[in-house]
Amino acid sequence: MTLSYRCPGLYCGRELLSNGSWSDCGACPRGFRANTSSFCVPCSNTPVLYDWLYLGFMTFSPLVLHWFCIDNTTPFRGRLSRGALVLHLSALVETVLAAFSTILVIEPYGKLDLKACPVKSLSDWYTLFHNPRPNYAETLHCTQEAVYPLHTMVFIFYGLCVTIMLLIRPWLVHFFLPKTGGATVYAALYFFPILSLLHAIFGGLIYYTFPYIVIVLSVISNAAHFAFKMDQSMKFHVVSTVTDIRNMIIVLGHWVVHGYGIISLTQLGEPVFHSTLLCLVPLPAIFYIITARFTDPHKLHAD
């Protein structure tokens, strides 16, 4: 069955009604998208690898923020305290539970699978700005989630993260870290609204640039970790990284994030060549350790 004419705009479509006729041009229902013939067709594609990598980035971003807040608000006396370790594990469990719960509540319901519409261009994330005005008259409102479910499921995930955190974290704080642990909950209640606002405004831009964001931030964070050490000698950096379990975990975490960025950027399109790029993961840490002595402020003398 064909339509007599296509709907105006990029995202307007028609639905087939129960009486066999077609609706007027408008926004397709959630989970549908207009095709080239202006039919509203269901989103039945399987997310591609890049989509899963993007969702992974949106998942571990709040987890990293959780760990950062826990690490900077709990007392550290040469080793990781039991209370801090419990909160770190709690943040991991909360994020994993929220991630799996999010997939289960998205179609197909109750299954660890997703049905999605393919992302074709940046404009798919901002359909609000592509409502047509036929003959420059009344605007035809066709705003919809053309990238279903990549946009809304992130908000669902953030909401579940906050809910699960409020159900689990306060009890752990009460028993293991009553003095300072509460700050980690308050910090999350601040950064989750900020993350939601960033996703609402810059979701499409983040989708296309997150591999570069991951690589750049991992390099900057890696340098900042070493820069905060009072002793900038090569020997100290190497010894402290190997002998201090906290430093070792932080450095290995940077390597994992950096490797994730490389995989997201290349998508391992050429497995042999792109896999070898993972050998570059330790390079930022090695480069800083080798060159730190040349940038030590104590060795700079003004004439």
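In this predicted model, the largest nonpolar core comprises 44 residues, of which Tyr54, Trp125, Phe192 and Phe210 touch the most other members. The elements that each supply two or more residues to this core are α1 (49-73), α2 (82-104), α3 (152-176) and α4 (182-227), and α1 gives the most, with 10 residues. Apart from this core lies another, of six residues, among them Phe226, Ala285, Tyr288 and Ile289.

**Surroundings of Tyr54**
- Leaving aside neighbours within four places in sequence, Tyr54 is in contact with Trp125, Leu150, Val154, His199, Gly203, Ile206, Tyr207 and Phe210.

**Aromatic pairs**
- The whole structure holds 16 aromatic pairs, and one of them, Tyr50 with Tyr207, counts as edge-to-face because the ring planes stand at 80°, with the centres 5.1 Å apart.
- This pair links distant parts of the chain, since Tyr50 lies in helix α1 and Tyr207 in helix α4, 157 residues apart.
- Tyr50 is buried, with a relative accessible area of 11%, and Tyr207 is likewise buried, at 5%.
- Phe57 and Phe60 form another edge-to-face pair, 5.7 Å centre to centre with 90° between the planes; both lie in helix α1, three residues apart, or about one turn of the helix.
- One aromatic cluster is formed by Tyr50, Tyr54, Phe57, Phe60, Trp125, Tyr207, Tyr208, Phe210 and Tyr260.

**Packing of α4 and α8**
- Helix α8 (residues 283-291) packs with α4 at an angle of about 35°, the axes being 10 Å apart, and the crossing is right-handed.
- In this contact, Val219, Asn222, Ala223, Phe226 and Ala227 of α4 meet Pro284, Ala285, Tyr288 and Ile289 of α8, a set that divides into eight nonpolar residues, one polar and no charged.

Definitions and conventions:
Residues numbered from 1 in each chain as written. Predicted model: local features only at pLDDT ≥ 70, side-chain atom pairs only at ≥ 80, totals over all residues. Heavy atoms only, no water. Core = buried A, V, L, I, M, F, W, Y, C linked by side-chain atoms within 4.5 Å. Buried < 20%, exposed > 50% of the residue type's maximum accessible area, 1.4 Å probe, protein only. Helix = DSSP H or I, 4+ residues; strand = E, 2+ residues; numbered from the N terminus. Contact = heavy atoms within 4.5 Å. Axes fitted to C-alpha atoms, helices over the stretch in contact; angles between N-to-C directions. Left-handed = near helix turned anticlockwise from the far one by under 90°. Nonpolar A, V, L, I, M, F, W, Y, C, P; charged D, E, K, R; others polar. Phe/Tyr/Trp six-rings, centres within 6.5 Å; stacked < 30°, edge-to-face > 60°.
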